[in-house]
Protein chains: 2
Amino acid sequence: MEQQNPAPGTRRPGGRTARTRAAVRDAVLTGLGEHGYPGLTVEYVAERSGVHKTTLYRRWGGIEGLVADALDLAGEDGWTPPDTGDLEGDLRALAREVRDSFADPAAAAAPTAFVAAAFQSERAADALRAFYAERFARCEAVVERAVARGEAPAGTDAGAVVRAVSAPLFLRLFVTREPVDAALADQAAAATVAAVRAGAFTTGAGTGPATAPPAGG
Amino acid sequence: MEQQNPAPGTRRPGGRTARTRAAVRDAVLTGLGEHGYPGLTVEYVAERSGVHKTTLYRRWGGIEGLVADALDLAGEDGWTPPDTGDLEGDLRALAREVRDSFADPAAAAAPTAFVAAAFQSERAADALRAFYAERFARCEAVVERAVARGEAPAGTDAGAVVRAVSAPLFLRLFVTREPVDAALADQAAAATVAAVRAGAFTTGAGTGPATAPPAGG
């Protein structure tokens, strides 16, 4: 028995539904890059994807649903965080990935448009929140490995650490509108590692002496 | 000889021009709070401020100019950073100010709309960049005082420090769309102080041992 109004992509993964969803997602990303969220229309997505407008409205509801689903799909990639063998190397690689991913204006256009869309659409904001929650959860592995190696105190708040290393870059990209470079990424990594070692990210911690081995190893 | 097309607010400070500019600014802030940048119109600002539409177009050019001037005017307040007597207290107070200023949805609406407007208007982005550059420059006093007290190494990058303590809050407010609370503000302050003490913000620094007195004071 066929479902009515199935959620996008739930039927026949890899089949026609999956191909349609991917074509629609690509059209949404291209449109966001070219026009931004305020300029994106269902008509554009229909023309670009070759999927009929009535199908888009029936399955995605409209622009908000299309953008949210494109974000959901973006979160389904196989990305894993770097594993360089030590915490500072991993955090530096994470910060540099943020920097690199927004350094090319063409590549940055769609992710930037997602961040912008969240200011105007509650549904886009929910999808963005879910995307980053899942992405940062994957990043926590770098902190867990550091704890296991004795590089970070037990009880280190992994979620806070992986957000802290990205935050100075996102601040400049989307709030203060200042340039970001590799030196800033490295500074963010160095600062975060120093704070981890000092126990500043340990639950309930102040800035007292480290419970982990001292810095300088 | 009277200038033609003087920059807004340059004539007779405190007089009619200043009052008009302030009334227009208030209307822009209210409009941004109510409708956001995409919904703000010159018609709305004219009606709300009582300043004729043709005057608004002549002196501000349009919506982009109105928003940019409102931001310029917002930067002309007498705000000074906290001075609690020690670096962690100052940074904690700074982070808590960010948190508090966005905790009340009504108070947060206009500043949030400025951040959103920068995604859609290059002129708003320029004004936002100038606003934050000037605001963070004022904040640098807290780091300079800490260096003078011996709490922070000489050569500490004050601009990077005051951005680092705010960044985890701005990341959650405007990118990951996660809640921010006082505990997060305190964690950001503790992490930043630990990194400062370890020398991670000293120009050219790695994560080697602190050149300042050790933590735990």
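Helices, meaning DSSP runs of H or I with at least four residues, and strands, runs of E with at least two, are numbered from the N terminus. With that in hand, chain A reads α-α-α-α-α-α-α-α-α from the N terminus on. That's nine helices and zero strands.

Okay, quick housekeeping. This is a predicted model, where local features need pLDDT of at least 70, side-chain atom pairs count only at pLDDT 80 or more, and totals for chains, interfaces and linings use all residues. Residues are numbered from 1 along each chain as its sequence is written, chains are lettered from A and ligands numbered from 1 in the order in which they are written, and side-chain values use heavy atoms, with hydrogens and water left out.

Let's stay with chain A for a moment. Of its 217 residues, 53% count as buried. Buried here is under 20% relative accessible area, exposed is over 50%, and partly exposed is in between, with a 1.4 Å probe and protein chains only. Chain A exposes about 9,600 Å², and carbon and sulfur atoms supply 52% of that. Those accessible areas come from the Shrake-Rupley method with a 1.4 Å probe, and for residues only the protein chains shown count as cover. Now contacts, which are heavy atoms within 4.5 Å. Take the contacts in chain A with a separation of 6 or more: residues 24 or more positions apart account for 61% of them.

Is A:Ser166 buried or exposed? It counts as buried, at 5% relative accessibility. Its side chain reaches the backbone oxygen of A:Val162 at 3.1 Å. Not counting residues up to four places away in sequence, A:Ser166 touches A:Val98 and A:Phe136.

Next, the place where the chains meet. How many residues of chain B are in contact with chain A? There are 40, and they contact 40 residues of chain A. The two chains bury about 3,500 Å² between them, 68% of it on carbon and sulfur atoms. Buried area is the accessible area (1.4 Å probe) that two parts lose on being put together, summed over both.

There are two salt bridges between chain B and chain A. A salt bridge is a side-chain nitrogen of Lys or Arg within 4 Å of a carboxyl oxygen of Asp or Glu. The general idea is simple: side chains of opposite charge can pair when their charged atoms come close. One to look at joins A:Arg163 and B:Glu178, at 2.8 Å from N to O. As for helices, α6 (105-120), α7 (122-149), α8 (158-174) and α9 (182-197) of chain B each supply at least two residues of the side that touches chain A. The largest share, eight residues, comes from α8(B). By class, that side of chain B has 25 nonpolar, seven polar and eight charged residues. Nonpolar means Ala, Val, Leu, Ile, Met, Phe, Trp, Tyr, Cys and Pro, charged means Asp, Glu, Lys and Arg, and the others, Gly among them, are polar.

Now for salt bridges inside chain B. B:Arg21 meets B:Asp69 in one, at 2.8 Å from N to O. B:Arg21 lies in helix α1 (residues 16-39) and B:Asp69 in helix α4 (residues 63-74), so the pair ties together parts that are 48 residues apart in sequence. B:Arg21 is buried, with a relative accessible area of 9%, and B:Asp69 is buried too, at 8%. B:Arg21 also forms a salt bridge with B:Glu76, with the closest N and O atoms 3.8 Å apart. B:Glu76 sits in the loop between α4 and α5 (87-103) of chain B, 55 residues from B:Arg21. And B:Glu76 is exposed, at 53%.

Another pair is B:Asp83 with B:Arg145, whose closest N and O atoms are 3.3 Å apart. B:Asp83 lies in the loop between α4 and α5 of chain B and B:Arg145 in helix α7, so this pair ties together parts 62 residues apart in sequence. B:Asp83 counts as exposed at 54% relative accessibility, whereas B:Arg145 is partly exposed at 24%.

Last stop: B:Arg177, in the loop between α8 and α9 of chain B. Its phi is near 60 degrees, a positive value in a residue other than glycine. B:Arg177 counts as buried, at 16% relative accessibility.

Conventions
Polar contact = N/O pair within 3.5 Å; in protein donor to acceptor, adjacent residues only side chain to side chain.
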